[in-house]
Each structure stands twice: as structure tokens, then as C-alpha cells.
Amino acid sequence: MNKPRELWIDAAKGFSIIFVVMGHSGDAAANHYLSWFRMPLFFILSGLVFKPVEPGRYLPWAMKRTRGLMTPYFAYGLLIAAVLLLFTLNIKGFAENIARLLYGGMTLTGPYGVFWFITCLLFTQLLFGYIIRYSRRTQILLIVSAYLLSHLISLTALRTFNIPWNADVSLLAVTYYAIGFYGKTLIPALLRRYWALLVLLPLSGLVLLLERQGIIQYTLNMKYKEYDALVLDLAVPLIISLTICAVVYRLTKLVPLDWMGALGRNSIAIMYLHLPLNYGLKYLLGVNYGLMPFTLVGVAVPLFAAIWARRSPVLSRLYLGQAAAAVQP
């Protein structure tokens, strides 16, 4: 029998997906600061719940992971392409959208802007699932090498080379994923300490202050391989991610956060739908309506759609994939 997921993990994922939606609202300040940690936090949380796979079962496990993540990828992608075709009657545009969906990576823009994350997550899981077969020393060596290689790519002309499905970004993502996995015991133990917030909150505040004062200049954009600060790309996302986890952990002990846990468990629908829904609404209204309306639409509507889809085994399998299986006892 699988051990049930802890509420704070799903709640933290719920906050994370809200931060993702906010970052795509067009608010420059929100996007700048939220980009420091929103994607690394997702990878850290995914690593926390990762279960090692035996080498002899790697191939069937990899196929299952691929099917679970890529089925919704193509289901949502084809749905968006079909809706666009219905409104524009542009056959050429429909074909181009399908081609972009197949190639992935940095070609995915507009309503497909976040699709890169799913393929990057898949490659990250497959890479880490393979690495985990080796001794701990070798694992660390491989992950450090991947982290260094990712920064080398970011500093060269390879940064603008569009690798299919953003596979090369997994070289960076696997470090955040590994932090979550290796921290399965340490991170929860840290969060249970009351002094954790007293340390983490000032550290996060210090990072923000240093950036605002111009002492450090920091940006992080995983999709477009904008990560050229070798130390800060590890320190800043980790500090802020742990701070958010500590805040969420404390909140779960003080107030009911089951609704936020449900949000986290349905984050796949929000990830895929918040951009096309808001783009469509902006087109119909003819206005840019700002951060809060964008976030509300981008979170609430996909959440209700996911809850409705769970009633149908077919829709659940197509549009929720592994997300549906993850909450089963």
C-alpha cells in the first residue's frame, strides 16, 4: 500500500502553480521575481515524491512515465489546435501548431507557452531514474557534471539552439529534482523546526534586498536557458523554495489547506489551460485585464474542468494522466 502524500507537499504545489499563472499575466515585476523559483520548486517537490526504480524494471517504468506525461501533452495540444482551427479556419496554422507540438522546446509559444515544462520534466525523471542505479558517490558526480554542463551550454551559442522538447534543460532541472529526492528526510525534518522560518524568511528577504540594491543581478529562465550564475542558480531557488515550503508547512498546521492540496493535485490542468483560456478571453474582451483577473481565470476555470474530467475515466486518462493516478490510495 502506497504511503499517502503529505498535505504540505500538495499545498506547496498548489501555491507553485498559482505563481506560474501570475508570472504569465504580463506583469513584468511578478514574472521577474517569481521566475527565480517557480519552476525549480516544482522540480524539488517532484523529487520529494520520487520512488527509485530497480534497474531491471527501468524500461517498463520509463514507458509508463512517458505515457502518463505525454498523453495529456498531446491531448491538450490537439484540443487547443482544434479550437484555434475552429475560430480561424486556418489549415496552415493548424498544421504549424501540430509541427510545433511535435518538436516542442522553444518553438512552443502563445497558448503552448508552458508545454515545454512537461517534456523537460519527463526527461528529468528518466535521467534521474537511470542515474539512481549507481552508487551515491557516482550519482552526485553525474548530477554535478550535468549542472556544470547546463551552465556551459547557457554561456555558449548552444543557448539559442532549440533542442527538441527542451531535453537539454533537464541537465539543470535534474539538480533541483535531486535536491528534493535526497532531501526526503532532511527537508521535512527542517520544516518541522520552529526556527526554520526565523532563518529562511530573513535569508529570502536578504536575497531580494541585494537584488533591489543592485548588489546582485539575477534572472532565471529555464525554458530559454537563461541561467549563467553558477552559484546563485543553486542558492536563490533553494533558499526561496525552502522558505515557501516552510510557510506552507506551518499553514497546514494552523488553517485548513485541503483546498490548496486539491489545487496542487490538479495542477496539470492549470498548467496546460491557463494561457489559452486567458488568451481567448483577452481576444474576446479586447483588453488586457491585469494580474489578479488573469490569475483567477487561469486557476479557477481549469480547476473546475479537472474536477469535472475526473468523473470520466476516458477524460481523466487523456487530460490528467499521472496526476489522476497520483492521488489514488
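**Ground rules.** I number residues from 1 along each chain as its sequence is written. The model is predicted, so local features need pLDDT of at least 70 and side-chain atom pairs count only at pLDDT 80 or more, while totals for chains, interfaces and linings use all residues; side-chain values use heavy atoms, with hydrogens and water left out.

**Cysteines.** I looked for disulfides, meaning pairs of cysteine sulfur atoms within 2.5 Å. The count is 0. Cys 120 is in none, and its nearest cysteine sulfur, that of Cys 245, is 19 Å away.

I then checked cover, taking buried as under 20% relative accessible area, exposed as over 50% and partly exposed as in between (1.4 Å probe, protein chains only). Cys 120 is buried at 0%, and Cys 245 is buried at 2%.

**Core.** A nonpolar core here is a set of buried Ala, Val, Leu, Ile, Met, Phe, Trp, Tyr and Cys residues joined through side-chain atoms within 4.5 Å. The largest one has 100 residues, and Trp 8, Phe 43, Phe 115, Phe 117, Phe 128 and Met 222 touch the most other members. I followed Trp 8 and listed its contacts (heavy atoms within 4.5 Å). Leaving out residues up to four places away in sequence, Trp 8 touches, among others, Leu 45, Leu 48, Pro 188, Cys 245 and Tyr 249.

**Helix 3.** Helices are DSSP runs (H or I, at least four residues), numbered from the N terminus. How many residues of helix 3 (residues 38-48) are buried? I get 11 of 11. Among them are Arg 38, Phe 43, Leu 45, Ser 46 and Leu 48.

**Surface patch.** I also found Trp 195, Leu 198, Val 199, Leu 203, Leu 206 and Leu 209 forming a nonpolar patch on the surface, with about 580 Å² of accessible area together. For such a patch, residues have over 30% relative accessible area and no salt bridge, and nonpolar side chains (Val, Leu, Ile, Met, Phe, Trp, Tyr) are joined within 5 Å. Leu 206 sits in helix 10 (residues 195-212) and is partly exposed at 40%.

**Pro 302.** Buried or exposed? Pro 302 is buried, at 0% relative accessibility. Its place is in helix 14 (residues 291-309). Its C-alpha is 8.6 Å from that of Met 271, 31 residues away along the chain. Beyond four places in sequence, Pro 302 touches Ala 269, Ile 270, Leu 273, His 274, Leu 277 and Val 297.

Note on methods
Patches are made of residues with over 30% relative accessible area and no salt bridge: like charges are joined within 9 Å, nonpolar side chains (Val, Leu, Ile, Met, Phe, Trp, Tyr) within 5 Å. Accessible areas come from the Shrake-Rupley method with a 1.4 Å probe; for residues, only the protein chains shown count as cover. A salt bridge is a side-chain nitrogen of Lys or Arg within 4 Å of a carboxyl oxygen of Asp or Glu. Helices (H or I, at least four residues) and strands (E, at least two) are DSSP runs, numbered from the N terminus.
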